[in-house]
Amino acid sequence: MDDTLKKDQLYQKLKKDIADGVTPSGFRFPPEVEWAAQLGVSRNTLRSALRQLEDEQLVERHKSKGTFVAEPPPVLRYMWLSDPGRQDEPSEYIQAQFQQGIESRLRRSGFEIEFCFISNLEALGEGGTAVLIRERNIRGVICRTGNFNGNEPFFLYLKKLGIPVVLLYCWPKDYLVTGWPVIAQNTRHIWSEALAYLRSLGHTRVATLSLSSTDIIRGEFKAPEYAELLNTIGLDPDPELVISACDDREAVYQAVLQRLREIKAPTAILCYSDFLAPSVYRALAELGLRIPEDVSVMGYSGSPFSEYLNPPLSTIAIDYRRMGQLAVEILERSEEWQGSGKRRPPRLMAPYLLQERKSTRRIGN
């Protein structure tokens, strides 16, 4: 048999034995002369195979001591740190999208992701957190929480450790409070764009479905400020067009039903969440109003089921998956911004896409 073929076959066999654990880390192979005889190959063939394994850091060869299976390199990890909070349908969807984005990016880097709750770190305390970060080879943290005041225990622990941290889908002000890179919510801009889109279709009387009639769209707008925004865009600022309901599908159904029985029907309804749009559909059907012929309906978030509603829901789709990828990319470049004297940490806004479907239509001329 050709010596090159023998070497390749021997290399493949030894590599497989290492991968399968037949020869575990630290295993000492026999002396070369003896080992070559056992294998039925020349010493040069054995040495060629070992040299290739050594180049791949699978074996270590020490003069006068022998050849050993190398210790595997330590597994490097990033930590996904979150506050479990409320485990509802929207949160589960968003979490899954973040995770898919993070893991798809990590497949290129060789890193693993470790999941941890903020409460876990605070239970460990400062010293325990330092031990965890060191022993688990955590090289960076992706943290999904926001609204920092700067005194949170876990924040102080991580700051003291000096480990790179990226805040994911937080509030814009968290960039100033923490000094960490952020991919921040962009709600005010996105919501304004959704209103402008409806105005471009000819709508001037647009109802807003919000959690509150005073702190509108997750508290982003106070009522007078929201009325001014509507005026600027060319929409009716009538406060009766703001329909408030708690984050519950039945409550939304009842609130929309009651308000539209009291006022002149709007030509469009903009919902603060795709997950509550089915309740709006149900209320409009109860009132005998067709979508989009009588009332256009638009959502916010880009949930997976929105395109399967009848008619499919137009929405502003937040790209949570891309945000997960971006968070990893920022950590991969941490040497550019981590530490004193470096450039300012990245500050990005949540990426999104306006998805126009059949629940909205142009009216008028």
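At what angle do helix H5 and helix H6 pack, and how far apart are their axes? The legends below concern a predicted model.

**View 1. Packing of helix H5 on helix H6.** Two packed helices are described by the angle between their axes and the distance between the axes. Helix H5 (residues 118–135) and helix H6 (residues 153–161) pack at an angle of about 15 degrees, and their axes lie 8 Å apart. Because angles under 35 degrees count as roughly parallel, H5 is described as roughly parallel to H6. The crossing of the two helices, H5 and H6, is left-handed.

**View 2. Residues in the contact of H5 with H6.** Among the residues that H5 contributes are Ile-118, Leu-121, Glu-122 and Ile-133. Those from H6 include Pro-153, Phe-154, Tyr-157 and Lys-160. The residues of this contact comprise nine nonpolar, two polar and three charged.

**View 3. The open sheet of six strands.** Strands of a sheet pair through backbone hydrogen bonds, either parallel or antiparallel. Here the pairing is parallel, and the strand order is S4-S3-S5-S6-S7-S14. Strand S4 (112–117) and strand S14 (347–349) stand at the edges; each has a single partner strand, so one side of each is left without a neighbour in the sheet. From one strand to the next, the twist averages 20 degrees.

**View 4. Strands S5 and S6, with helix H5 on the sheet.** Strand S5 (residues 138–144) pairs with strand S6 (residues 165–170) in the parallel sense over three bridges. Cys-143 stands opposite Leu-167 in S6. Helix H5 packs on the sheet and touches strand S3 (77–82), S4 and S5. The direction of H5 makes about 130 degrees with that of S4.

Definitions and conventions. Residues numbered from 1 in each chain as written. Predicted model: local features only at pLDDT ≥ 70, side-chain atom pairs only at ≥ 80, totals over all residues. Heavy atoms only, no water. Axes fitted to C-alpha atoms, helices over the stretch in contact; angles between N-to-C directions. Helix = DSSP H or I, 4+ residues; strand = E, 2+ residues; numbered from the N terminus. Parallel < 35°, antiparallel > 145°, perpendicular 65-115°, else oblique. Left-handed = near helix turned anticlockwise from the far one by under 90°. Contact = heavy atoms within 4.5 Å. Nonpolar A, V, L, I, M, F, W, Y, C, P; charged D, E, K, R; others polar. Pairing = 2+ DSSP bridges.
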